[in-house]
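Please open the structure in a viewer and follow the stops below in order. Each stop names a selection and then describes what is found there.

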Amino acid sequence: MSDAILRYARTLAQEAGQLARRLRAQRGADFVSTKGRSDFVTLADQNVEDYLRAAITAQFPNHGILGEEYGGALADPLWIIDPIDGTTNYLKGLPDWGVCISVAQGGKLTHGVISCPDHGLLASAEAGKGAWLNDIRMDPAREGAIPLVQLGFSTRTPLAEHLNQIERLIALGADYRRSGAACVGLLSVAAGWSDVFYERHLKLWDAAAGLVLVSETGGAAHHAALPDFYHSGSAVLALNKVAVRRSRQWAAVFETTTDPSRQRG
Ligand code: IPD
Ligand code: CA
């Protein structure tokens with residue numbers, strides 16, 4: 001865990017998580033505004049992104065930044081940040097939310113960090129070096145009695161498709177959960193608490209950090225290549241290293257292709 005980018009991203013994610021918790025504790029009447037149907041933004045989303053942008057620029061002035069609240073252009077290296085993923089949970093006081101930081105270099109995701117401060121968890125991974133949960137190496141080796149799927153949903157996509165997928169999962173004898181934070185769903189797959197994550201449409205900042213965790217724990221992820229993911233978002237299917245053995249079955253449930261050349265970023 002010696003890499004300077006990873007060490008800095010871990011420190012920032014932890015500090016940003018504590019900042020978000022302090023802001024929530026002090027919140028006033030103007031703390032929340034609505035972006036769209038079922039879509040909220042809080043002053044904390046904006047303040048945490050401001051904090052992360054200033055800190056990244058101070059340390060790496062030549063790196064680009066893409067963030068949920070203020071956008072950004074493609075650059076190399078590119079820091080991809082979601083200041084609070086799972087904003088509704090955060091606002092309600094549910095613990096499933098996280099600060100997500102990842103870095104892409106040469107068109108590939110190279111670093112991913114997720115801090116879930118209400119759970120006391122810090123997950124991080126670097127391409128080719130492995131993944132850690134707090135300071136323990138992650139290894140999702142166990143096969144549970146029943147396959148557990150983290151199934152995301154947003155009003156950006158058709159409800160009927162989501163309901164069909166639930167029907168297919170139940171027919172298969174699988175169970176499913178919806179945490180309300182893509183980063184927590186992907187962390188759950190990397191840690192081996194769940195086998196599969198799927199969501200029909202995510203933005204790059206929702207998924208980037210979690211995708212590095214999944215691939216560094218021996219899993220596989222299917223999604224659009226990075227430039228398309230950046231421009232239009234993507235469906236994301238992530239399988240941990242046990243679920244990968246049944247990748248055709250999971251691709252059929254979610255009607256995606258398992259051909260990595262078409263879908264892997
Ligand atoms: C959302 C969460 C949610 C997912 C949505 C995302 P936000 O991000 O990750 O779980 O279903 O698609 O937009 O708005 O909480 O940062
Ligand atoms: Ca998000």
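## The ligand site

Select ligand 1 first: one of its oxygen atoms lies 3.3 Å from a polar backbone atom of I84. This is a polar contact, that is, a pair of N or O atoms within 3.5 Å; within protein, one must be able to donate a hydrogen and the other to accept it, and residues adjacent in sequence count only if both atoms are side-chain atoms. Taken alone, ligand 1 exposes 380 Å², of which the protein buries 88%; accessible areas come from the Shrake-Rupley method with a 1.4 Å probe, and for residues only the protein chains shown count as cover.

The model is predicted: local features need pLDDT of at least 70, side-chain atom pairs count only at pLDDT 80 or more, and totals for chains, interfaces and linings use all residues. Residues are numbered from 1 along each chain as its sequence is written, chains are lettered from A and ligands numbered from 1 in the order in which they are written, and side-chain values use heavy atoms, with hydrogens and water left out.

Now display the 16 residues around ligand 1, of which D85, G86, T87, R156 and E199 come nearest; a residue is near if one of its heavy atoms lies within 4 Å. By class, this shell has 5 nonpolar, 5 polar and 6 charged residues. Here Ala, Val, Leu, Ile, Met, Phe, Trp, Tyr, Cys and Pro count as nonpolar, Asp, Glu, Lys and Arg as charged, and the others, Gly among them, as polar.

## The nonpolar cores

Which residues have the most contacts inside the largest nonpolar core? Select I80, L109, M138, L187, F197, L213 and V236, which hold that place in a core of 40 residues. Such a core is a set of buried Ala, Val, Leu, Ile, Met, Phe, Trp, Tyr and Cys residues joined through side-chain atoms within 4.5 Å. Helix α6 (residues 204–216) gives the most to this core, with 9 residues; helices (H or I, at least four residues) and strands (E, at least two) are DSSP runs numbered from the N terminus. A second, separate core of 30 residues includes Y8, A20, L52 and W132.

## Single residues

Go to Q150 in strand β10 (residues 148–151). Is Q150 buried or exposed? Its relative accessibility is 8%, so Q150 counts as buried; buried means under 20% relative accessible area, exposed over 50%, and partly exposed in between (1.4 Å probe, protein chains only). Beyond its neighbours within four places in sequence, Q150 is in contact (heavy atoms within 4.5 Å) with residues including R177, S179 and F197.

Move to E69, in the loop between β3 and β4. E69 counts as buried because its relative accessibility is 18%. P77 is in the loop between β3 and β4, and the peptide bond from D76 to P77 is cis, with omega near -5°.

Finish at N134, in the loop between β8 (130–133) and β9 (136–137). N134 has a positive phi of about 50° although it is not a glycine. Most residues other than glycine have a negative phi, and most peptide bonds are trans. With a relative accessible area of 30%, N134 is partly exposed.
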